[in-house]
Amino acid sequence: MKQFKPVLISFAVLVVVAAVAFAVIKLFPQISDDIGDPINNNVSSSLNKIIDRSSKDVASVEITTDTGESFAIDYGEDSIGAQTATMRNADPLLAYDESDMTTLSGFVGLLVALEEVGTGEDSMFGFDKPQRTIKVNFKGGEPVTLLIGSETPLGTGVYIRRTDRDTVYTVGGSTTDILMMTKSDYRDVKLFDTVSSVDLLTEVTVSRPGKADITVVRKEDAGKVPEDQAEAALHTDYKLTSPVNRDANPDTINSALLDKVIAIKGESLVEDYPKDLSKYGLEAPVKLKFKTSEDLSVSLLIGDRTPTGGRYVMPEGVPTVIATEGDIDLTSLSHADIIMQLIWFYNSEDIDTVTYSLPGGETHTMKLEVKDNKLIGTYDGKTMQNKNATNLFLRTVRFTIAGEFASGMQKGESVIKVQTKLKSGAITTFELFYVNERQYAASVDGKAPEYVVGVSEVRELLESFEILARNEDIPDMF
């Protein structure tokens, strides 16, 4: 019998625990406030139903708040039988969230209590000065008017009763949140329909006071990558049309602009019909316009930062200030941030000879030719493999702008001079000058530098000559 003793003890403990749990549930039913609301769909008939209809039966909901605000939502059906919801007598310039309004009809159509409290004087439950009076009109049958009283002692819900009955109920947190919404809570702060990919953007324009517009458009051949390795490496889906007509840098166009555009989201309503735009930095705003291949056209006015790190914005033509979820950092955007200025030429077939002049009098010459979509050439008179010809060409032409050669910058000594002769006979000279440990000034045909390039691209080109001197292969850039 000894071997059965632990089993009997464990069984006895389980019986005691179960008995205690049962007693707690029976003696303290108010704890149910902590577990949230019953689900409003397919509820059991044993639950306390304050209203036992469905969302489709709701014709309208009329709400009066304790601050004196009154508004109404009307419900109907569209051509396929789906429920519609509209704010009655709404300002045509202001938008309301139909999804939120539809949700309300579900909660008041089938309204389930957490528990039935009983009866008592109105003042005991806050019904003498209700927070909300909600009249629910049905397509068939008598309307039901609800009074929302004070919060329950645990603060997880409110007392509620119908005006045609004395019974008092409680409802939980999620139901309370829906029933306590004000008219402004139903406002739609979505700034535009979701754009799932930057590939859908066909045109983006950023306009700022006192500065030239930056306009980027998606090219007609976007997504079609050339077969030639050198041309493929230089391919980009977007180009700038203002303030210059140049290809966009594929490495930065998304991060500097396009990703930021599609990430914009409204977070909260700030003010309708603002009287003082200067409070939000919207008296002289940044203007963002964009279009998509799905016929979406958006125009936003962007102002100052919000206290939570977003931005104040206004959809153009809509008298509403909205706070965004995050920052929209377009105020300091420069076209130099997203331009891809290929110092030489997009097409390697145009180039005949490239001559390099390095410090100390060192010089090298590369002659190029394209055969069967492959770049071949000679380097200092010796035949180059396709890989080395391609990679030296890419390191020569693929200098991207890292910024403007700003006022006050000083041009140091020449680091490298590249002279390119085209098959047409034209000659172009590109020269790089030391500025600081991170930047080099770029000069074309002896003109004053306009832009600077990064040190990594300069270093890669200079290293190419050391690699070729060791008769090794130049590593791919990509």
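**The sheet and its helices**

Modeller: Strand 20 (residues 351–357) pairs with strand 21 (residues 363–371) in the antiparallel sense, over 5 bridges. Strands count as paired if DSSP finds at least two bridges between them, and helices (H or I, at least four residues) and strands (E, at least two) are DSSP runs numbered from the N terminus.

Biologist: Which residue in strand 21 stands opposite T355?
Modeller: That is T365.

Biologist: Before I go on, what kind of model is this?
Modeller: The model is predicted, so local features need pLDDT of at least 70 and side-chain atom pairs count only at pLDDT 80 or more, while totals for chains, interfaces and linings use all residues. Residues are numbered from 1 along each chain as its sequence is written, and side-chain values use heavy atoms, leaving out hydrogens and water.

Biologist: Thanks! How many strands form the open sheet, and in what order?
Modeller: There are 9, in the order 23-22-21-20-25-26-27-28-24, with antiparallel pairing. Strand 23 (382–384) and strand 24 (401–404) stand at the edges with a single partner strand each, so one side of each has no neighbour in the sheet.

Biologist: Which strands does helix 8 lie across?
Modeller: Helix 8 (residues 386–397) lies across strands 20, 21, 22, 23 and 25, running at about 85 degrees to strand 22 (374–379). Contact here means heavy atoms within 4.5 Å; angles run from 0 to 180 degrees between N-to-C directions, with axes fitted to C-alpha atoms, for helices over the stretch in contact.

Biologist: New topic: how many salt bridges does a search of the whole structure find?
Modeller: It finds 19, each being a side-chain nitrogen of Lys or Arg within 4 Å of a carboxyl oxygen of Asp or Glu. One of them joins D74 and R88 at 2.6 Å, N to O. D74 is in strand 3 (residues 70–77) and R88 in the loop between strand 4 (83–87) and helix 2, 14 residues apart.

Biologist: And where do R161 and D122 lie?
Modeller: R161 is in strand 9 (residues 158–162) and D122 in helix 3 (residues 122–125), so their pair ties together parts 39 residues apart in sequence. Their side chains meet in a salt bridge of 3.1 Å, N to O.

Biologist: Is R161 buried or exposed?
Modeller: R161 counts as buried, at 11% relative accessibility, whereas D122 is partly exposed at 27%. Buried means under 20% relative accessible area, exposed over 50%, and partly exposed in between (1.4 Å probe, protein chains only).
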